[in-house]
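Dear colleague,

Please find below the structure that I am handing over to you.

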Amino acid sequence: MELWFTELQKPGMKISCKVLQTLHREQTPFQEIVLLDTVQFGRMLVLDGAVQVTLLDEFVYHEMLAHVPLHAHPAPKDVLIIGGGDGGTAREVLRHTELESVTLVEIDRRVVDVCRRFLPELSCSYDNPKLQVHFEDGVEYVKNKKACYDVILVDSPDPVGQAARLFSAEFYRAIFEALRPDGIFAAQTESPFVDAELIGRVYRDANRVFPITKLYQAVVPTYPTALWTFTVGSKRYDPETCLRKPLFEDDLRYYNADLHQASFKLPNFVKKLLR
Ligand code: SAM
């Protein structure tokens, strides 16, 4: 008998893949966590029915979320990651050996436990002494911080449930306060084909607080429509043009200096969302 997993991505849109094995399934106080082994995408983390990461394409998302803002900042020392319990973003951030501290704030401890067990390719940095992990709501955590980070990355699920506040104007204002005077933040902001309203709203909310706000894109096949956006807000450096030479480009599978700049070149229909 064949076993298939189907994600209801939008009210009229589903994506399916053939499953070899269900490795783990549990309900936590925050969400349902499922770990699948799939034919096409390898191991896959699913939260509340939505695909979060797969071994086939996670490198695109994690390299682009981490390395674009980190290469745009000339001397980052302290980085905050909100969400990202699978560990993929922390793995990429910690390639920057010049960093002094990386803090990860994940609401659900069980995501980290399950990913440490089943996705060692992503969660391999949890024992790095520079990484501190807090299990609490990222919105509450950021509220109390003033000018203490150089880069803040928001590695969130879709904007539903406890993640909805990670897409709010109030949260972007708090991030602005938590960043040092030349700080940069970046967040994953969904697909321009099916989340146009959200992308426009997030861009305008971020633009009200950050002097420089931009959108960049990457292709992540297992996310709805594959074309994915990231919104970046910066206090001083233009992330499109201020760019340090990547020191470990040969170790990466997606990000490079050419792609950094190219990722800010937007199709016309996406540009229009930002007006
Ligand atoms: N790459 C993924 C995507 O785009 O779908 C996101 C992956 S990561 C697993 C997202 C994490 O954010 C989840 O583990 C979830 O528990 C966490 N999360 C959701 N809401 C949060 C909040 N308010 N504060 C901190 N972490 C949160």
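This is a predicted model: local features need pLDDT of at least 70, side-chain atom pairs count only at pLDDT 80 or more; totals for chains, interfaces and linings use all residues.

Aspartate 48 counts as exposed, because its relative accessibility is 52%; here exposed means over 50% relative accessible area, buried under 20%, and partly exposed in between, with a 1.4 Å probe and protein chains only. This residue sits in the loop that joins β4 (42-47) to β5 (50-54).

Residues are numbered from 1 along each chain as its sequence is written, and side-chain values use heavy atoms, with hydrogens and water left out.

A second residue with a positive phi is alanine 147, at about 45°, although it is not a glycine. Alanine 147 belongs to the loop between α4 and β9, and with a relative accessible area of 40% it is partly exposed.

The overall fold

The protein chain has eight helices and twelve strands; these are DSSP runs numbered from the N terminus, helices being H or I of at least four residues and strands E of at least two. The radius of gyration is 18 Å, close to the 19 Å that the globule rule gives for 275 residues, so the chain is as compact as a globular protein of that length. The radius is taken over C-alpha atoms, and the rule is 2.2 Å times the number of residues to the power 0.38. Along its principal axes, the C-alpha trace spans about 55 × 45 × 40 Å. Of the 275 residues, 58% count as buried.

The nonpolar cores

Which residues touch the most other members of the largest nonpolar core? They are Val79, Val93, Val102, Tyr216 and Phe230, in a core of 36 residues. A nonpolar core is a set of buried Ala, Val, Leu, Ile, Met, Phe, Trp, Tyr and Cys residues joined through side-chain atoms within 4.5 Å. Among the elements that give two or more residues to this core are α1 (58-72), β6 (78-83), α2 (88-93) and β7 (101-106). The largest share, nine residues, comes from α1. Apart from this core lies another, of 24 residues, including Val154, Phe167, Phe171 and Tyr172. In soluble globular proteins, nonpolar side chains tend to be buried together.

Contacts of single residues

Contact means heavy atoms within 4.5 Å. Leaving aside neighbours within four places in sequence, valine 93 is in contact with residues including Ala66, Leu70, Val79 and Leu153.

Leucine 80 is placed in strand β6 and, at 0% relative accessibility, counts as buried. With neighbours within four places again left aside, the contacts of leucine 80 include Thr103, Val105, Tyr141 and Val151.

Glycine 138 lies in helix α4 (residues 138-143). Is glycine 138 buried or exposed? Glycine 138 counts as buried, because its relative accessibility is 6%. The C-alpha atoms of glycine 138 and leucine 80, 58 residues apart along the chain, are separated by 9.9 Å.

Yours sincerely
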